[in-house]
Amino acid sequence: MDKNKLNSANQRQQTEVIDDKHLADDTARENALTQEKRRRRSKPLLVFLLTLFMAALAALAALLVYKAYFEKQPVTSNTTPQITSTPKKLTAQELITVVSPKLSGTDVTDKSTYMAPAVKLAGYTYYVAPFADEMPLATVEKMITASQTPVDRAAIGKVFSDKGFSAKEYESTESEPSMTVYSQADVMCSVADTRGSNEAADHTVAVVCANMTDYISFAGSVKPYATVYQTFARDDSDTSAILFTKKPVVKASKTSGYQTAELGIGNYTDGRIGVGGFMGLFYQTPDKKWHFFKGTQNLLNCDEFSDNEVKKAFAGEKCMKTNTEEGTVFSSV
């Protein structure tokens with residue numbers, strides 16, 4: 001009896017232990033399930049927070065880029081930019097405009113036959129001094145009292161000096177006035193001072209200016225003829241003193257294949273243009289070569305056109321048959 005009770009008590013005890021174990025297992029499973037649910041619920045929140053954080057970082061980076069590149073203040077340089085400019089070239093007319101008010105007295109009505117100051121340009125072997133009808137010249141000419149003349153000449157001399165001109169003086173002679181030649185890269189001028197018949201008489205002061213670009217153009221136009229003439233004159237004169245005063249006037253000959261040309265020729269010595277200038281006569285043959293024929297101040301005698309090539313070139317041109325009668329050059333061709 002007692003044994004049975006004891007066994008029954010043991011069984012109840014074991015049953016209670018088993019039930020307690022089952023209860024503990026159930027509790028553990030329930031706790032684990034609860035934690036799992038909590039973890040599952042926390043994942044979307046974590047993802048959301050991470051996404052929000054990354055968006056904030058991206059927005060901050062974009063703001064920094066905008067500040068750095070779009071709102072960047074321009075850098076002010078302390079360096080002053082260097083401005084380079086080409087100096088304006090002087091012109092002959094500008095010089096005359098400045099010089100004219102420096103000359104007192106009255107304008108000359110019967111003006112001189114103006115000629116540009118003589119110059120030998122770099123690269124050329126002859127001088128040029130064109131007349132006013134051959135090249136643009138800017139001029140002013142006035143009658144000035146004897147006492148005022150040196151004052152006015154000093155005033156215009158200062159104008160040239162201030163503008164960088166170099167000056168060369170030439171004393172007067174029996175046939176030539178005193179003269180100062182002013183030269184500069186862009187313009188060349190001469191100031192001629194012609195005195196009256198006595199010391200107290202008024203002076204005629206003439207200022208003539210020419211642009212160097214016009215000199216260059218003129219010198220180039222006479223070059224083919226200058227070369228021919230210098231070859232012809234080499235044995236008889238100092239060709240370095242040859243001067244040209246007029247551009248060539250070229251005409252077609254009446255004989256096919258020929259042309260003629262004439263241009264003014266003179267000489268130059270130490271600042272003075274020599275007397276005895278003449279018109280040089282040239283002709284071109286069918287082989288396109290130019291030849292010098294003669295220099296003259298008047299119509300040539302007809303018998304001077306004796307060479308057959310010369311006759312062909314100048315056929316039909318006027319000449320003097322006698323001292324009083326004109327004729328024409330005749331060619332049998």
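Are R153 and D193 buried or exposed? R153 is buried, and D193 is buried too. Buried here means under 20% relative accessible area, exposed means over 50%, and partly exposed lies in between (1.4 Å probe, protein chains only).

## Basis of the model

This is a predicted model: local features need pLDDT of at least 70, side-chain atom pairs count only at pLDDT 80 or more, and totals for chains, interfaces and linings use all residues. Residues are numbered from 1 along each chain as its sequence is written, and side-chain values use heavy atoms, with hydrogens and water left out.

## Overall build

The protein chain holds 5 helices and 15 strands. Both are DSSP runs, numbered from the N terminus: helices are H or I with at least four residues, strands are E with at least two. The chain has 333 residues, and 32% of them count as buried.

Contact means heavy atoms within 4.5 Å. Among contacts in the protein chain with a separation of 6 or more, 54% come from residues 24 or more positions apart. The accessible surface of the chain is about 21,800 Å². Carbon and sulfur atoms hold 55% of that surface. These areas come from the Shrake-Rupley method with a 1.4 Å probe; for residues, only the protein chains shown count as cover.

## Salt bridges

Side chains of opposite charge can pair when their charged atoms come close. A salt bridge is a side-chain nitrogen of Lys or Arg within 4 Å of a carboxyl oxygen of Asp or Glu. The whole structure contains 8 salt bridges. One of them joins K246 to D133, at 3.5 Å from N to O. K246 sits in the loop between strand 8 (242-244) and strand 9 (249-252), and D133 in the loop between strand 2 (127-128) and strand 3 (138-144), so this pair ties together parts 113 residues apart in sequence. K246 is partly exposed, at 22% relative accessibility. D133 is exposed, at 59%.

R153 forms a salt bridge with D193; the closest N and O atoms are 3.2 Å apart. The pair links distant parts of the chain, with R153 in helix 3 (residues 149-162) and D193 in strand 6 (residues 187-194), 40 residues apart. E317 and K251 also meet in a salt bridge, at 3.2 Å from N to O. E317 lies in the loop between helix 5 (308-313) and strand 14 (318-320), K251 in strand 9, and the two are 66 residues apart. E317 is partly exposed, with a relative accessible area of 26%. K251 is partly exposed, at 38%. Salt bridges that share partners join D133, E134 and K246 into one network.

S190 belongs to strand 6. S190 is buried, with a relative accessible area of 6%. Leaving out residues up to four places away in sequence, S190 touches P117, M179, T180, V181, A206, V207 and V208.

## Helix 2 against helix 3

Two packed helices are described by the angle between their axes and the distance between the axes. The axes of helix 2 (residues 92-99) and helix 3 come within 10 Å and cross at roughly 140°. Axes are lines fitted to C-alpha atoms, for helices over the stretch in contact, and angles run from 0 to 180 degrees between N-to-C directions. Helix 2 and helix 3 are therefore oblique to each other. Angles under 35 degrees count as roughly parallel, over 145 as roughly antiparallel, 65 to 115 as roughly perpendicular, and the rest as oblique.
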